[in-house]
Amino acid sequence: MPRCPAFEKLGLPEFPIILAPLAGVSDHPFRRVCAGQGASLTYVEMLSAKAILYKSQRTFDMMARHAEESVLGVQVTGGSADDVARAIEILDKQPFDTIDINMGCPVTKVVKTGSGSAILKEPERVYETVRRGRQATDKPFSVKVRLGWDRSQVSIFEVADAAEKGGADWITIHGRLRSEDYSFPVDLATIAAVRRRLAIPVIGNGNIFSQGDALQMRERSRVDGVMVSRGALGNPWIFREIMTGNSEVSADEWLQTVTEHLTWQQQAYGPGGMGAVCMRKHLLWYAKGWPGAKNLRERINTADSIESCLTMVQEFHRDLLAAGVTRRLQVAAEQGFIWDPKYEMDRKLDRGVGDDGLGLEPGLEPVPR
Ligand SMILES: Cc1cc2nc3c(=O)[nH]c(=O)nc-3n(C[C@H](O)[C@H](O)[C@H](O)COP(=O)(O)O)c2cc1C
């Protein structure tokens with residue numbers, strides 16, 4: 001296939017390795033850490049079209065882009081083609097390089113509004129949403145989907161055709177149904193069948209935790225790139241690993257990367273409260289694969305400042321070296337990274353999946369037509 005013009009416009013490599021939009025996770029400190037390890041493109045977490053149209057401050061805050069970020073995308077979802085198209089007109093004027101429409105989010109409160117994966121039941125609406133979205137922006141433009149709603153409604157072929165016909169530059173496929181949780185295998189054969197059918201590129205997503213997983217996706221599904229999601233949590237080095245095969249992480253490198261993340265976290269959120277609370281989940285994930293991580297994990301929930309996070313991380317590193325541990329152990333996906341999004345999060349201050357700005361602040365008025 002000739003090179004995709006939209007990938008070229010974005011300056012992406014031959015086989016892009018993309019960090020997924022991750023609700024409650026992919027803020028600019030984390031995106032910069034992943035880009036630093038080789039992510040070709042990163043995304044702001046999913047935003048609600050309604051929240052954009054009502055000018056929700058919380059949602060506009062989520063759009064913050066750091067000056068050091070190179071290629072950045074944004075993702076939107078909505079319950080009607082009109083809402084999504086109008087939101088894309090607004091996003092088009094924001095500092096993003098590419099815009100994606102989420103058609104895969106399974107969270108109940110999202111699908112109840114007709115957003116996320118609810119649209120997979122209506123390929124006609126997929127077409128109309130993509131067509132109207134395409135008219136609203138000249139930027140590279142994509143959709144992210146699942147295979148369908150459930151076993152009785154596997155709509156991926158109609159949905160993929162509709163996305164291509166509507167004018168999407170590429171499609172990202174999470175190879176599971178809305179009804180399937182993370183224990184279900186990713187359907188590489190169906191992604192391959194979609195890939196054969198379409199002229200636009202297909203990005204594969206689902207269960208990429210290592211270079212081996214990415215190669216398998218590339219070989220079996222013939223995808224044009226991969227998107228990493230849970231595999232990047234606590235393991236931003238996965239981008240380097242996929243590119244080079246080097247999966248080794250030394251204790252010193254670990255300390256350096258986590259310290260950098262903490263520094264950027266402090267710059268983004270300030271030294272106390274929110275920044276530290278939002279950092280706790282990252283520290284829990286960063287602890288994976290190291291002997292003695294239990295001690296660190298037990299203390300993390302008491303971290304109330306970036307300074308205290310840093311002290312814990314430095315003490316943990318010092319203890320590792322004292323015990324003669326210089327390299328992270330290989331963590332099998334099923335041991336370490338199969339993870340329930342709600343697990344171990346501080347639900348009081350931090351946000352989790354689905355708390356994505358769909359709940360509007362009181363008193364907001366929509367933008368006039
Ligand atoms: C914490 C978390 C947040 C997520 N947020 C989003 C999101 O905002 N937009 C999106 O398209 N997918 C989101 N997803 C789904 C992932 O991008 C991905 O499609 C899914 O996790 C399958 O990939 P994996 O098996 O490699 O994790 C999220 C997943 C997790 C775990």
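Visitor: What makes strand 5 (residues 98-103) mostly covered?

Guide: In this predicted model, six of the six residues of strand 5 are buried. A residue counts as buried if 20 or more other C-beta atoms lie within 10 Å of its own, so strand 5 is called mostly covered.

Visitor: How do you know which faces of strand 5 are covered?

Guide: On one side sit Thr98, Asp100 and Asn102, and on the other Ile99, Ile101 and Met103. These residues are all buried, and both faces are covered.

Visitor: Why is strand 4 said to pair with strand 5?

Guide: Pairing needs at least two bridges between the strands. Four bridges join strand 4 (residues 72-77) to strand 5, so the two pair. They run parallel, and Gln75 has Asp100 as its bridge partner in strand 5.

Visitor: Why is the β-α-β crossover from strand 4 to strand 5 called right-handed?

Guide: The chain passes from strand 4 through helix 5 (residues 81-92) to strand 5. With the strands pointing away from the viewer, a path that runs clockwise from the first strand over the helix to the second is right-handed, and this crossover is right-handed.

Visitor: What makes strand 5 and strand 6 a pair?

Guide: Five bridges join strand 5 to strand 6 (residues 141-145), and the criterion is at least two, so these strands pair as well. They run parallel. The bridge partner of Asp100 in strand 6 is Ser142.

Visitor: Which domains does the assignment give?

Guide: The domain assignment gives domain 1 (13-244) and domain 2 (251-336). Their C-alpha centres lie 29 Å apart. The contact between them takes 11 residues from domain 1 and 11 residues from domain 2.

Technical notes
Residues numbered from 1 in each chain as written. Predicted model: local features only at pLDDT ≥ 70, side-chain atom pairs only at ≥ 80, totals over all residues. Domains from an automatic or database assignment. Contact = placed C-beta atoms within 7 Å. Buried ≥ 20, exposed ≤ 12 C-beta atoms within 10 Å, placed from the backbone.
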